[in-house]
Amino acid sequence: GFRHSAESYHILIDILGSSKQYAVLWDFLIEVRESKCCEIGPEIFWLIFRVYSRANLPRDAIRALNRMVEFGIKPSVHDLDQLLYTLCKRKHVKYAHEFFDKVKSGFELNAKTYSILMRGWGDVGDSDEARKLFDEMTERGCLVDVPAYNSYLEALCKGGKGDEAYKIFREMGSNGLEPDACTYSIFIRA
């Protein structure tokens, strides 16, 4: 007979979510957990984050991360990044940032997490919020890499602050970081 694979479960989760059958989706996950027929991994939750974000239900996406422990998964910074990314991609940056502020003390944060939020604020044209995140990232001692600078520079340019972006760009070089093609393309598009 037919044996389900992790991929078939992912497809089913995506279909249930896309057709807004959220209660059935969770019932299905509980059934899978109880029958132990398939391991429920973080990737299933990343799909759920995406499903709820696409449906403009950011609070439900956040609740899904909080429910991971019910399925034996301790959320990692990678899971947090996935949640923040899917929320920001759908312009739910305010929800993403509020949640980040609540949970950041429980995670070992890195430049990628901050970059996701800075890019999100840039996409909605709020370079001031991106600046606050950049400052917080450096104050916390996170290793600021080229992608983090690129996210910040892009947010500044999208927010109409090209002069400030150029100043930060020059600071980047004095901090021993070599701009990449993405860095230059930010200024070309600005």
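Trainee: How many nonpolar, polar and charged residues does the lining of the largest pocket have?

Mentor: The lining has three nonpolar, three polar and five charged residues. Here Ala, Val, Leu, Ile, Met, Phe, Trp, Tyr, Cys and Pro count as nonpolar, Asp, Glu, Lys and Arg as charged, and the others, Gly among them, as polar. Before we go on: this is a predicted model, where local features need pLDDT of at least 70 and side-chain atom pairs count only at pLDDT 80 or more, while totals for chains, interfaces and linings use all residues. Residues are numbered from 1 along each chain as its sequence is written, and side-chain values use heavy atoms, with hydrogens and water left out.

Trainee: What makes this a pocket, and which residues line it?

Mentor: On a 1 Å grid over the protein atoms alone, a pocket is an open set of points with protein on both sides within 12 Å along at least five of seven lines, whereas in a cavity a 1.4 Å probe fits but cannot get out. Lining residues have an atom within 4 Å of a point, and here they are Y85, C88, K89, K91, K112, S115, I116, R119, G120, D123 and S151. Helices α5 (77-89) and α7 (111-123) each give two or more of them, with the largest share, six residues, coming from α7.

Trainee: Why is T183 called buried?

Mentor: Buried means under 20% relative accessible area, exposed over 50%, and partly exposed in between (1.4 Å probe, protein chains only). T183 has 0%, so it is buried. It lies in helix α11, helices being DSSP runs of H or I with at least four residues, numbered from the N terminus. Leaving aside neighbours within four places in sequence, T183 is in contact (heavy atoms within 4.5 Å) with V146, N150, L153, F169 and M172.

Trainee: Which residues of α10 are buried, and how do you know that they line one face?

Mentor: They are A165, I168, F169 and M172. Seen down the axis of α10, they fall within an arc of 110°, so they line one face; the arc is that of the directions from the helix axis to the C-beta atoms. These residues pack against α9 (146-158) and α11 (181-189), while D163, K167, R170 and S174 are exposed on the other side.

Trainee: What span is expected for α10, and what does the helix reach?

Mentor: The expected span is 1.5 Å times one less than the number of residues. With 13 residues, α10 (162-174) is expected to span 18 Å, and its 19 Å from first C-alpha to last is close to that.
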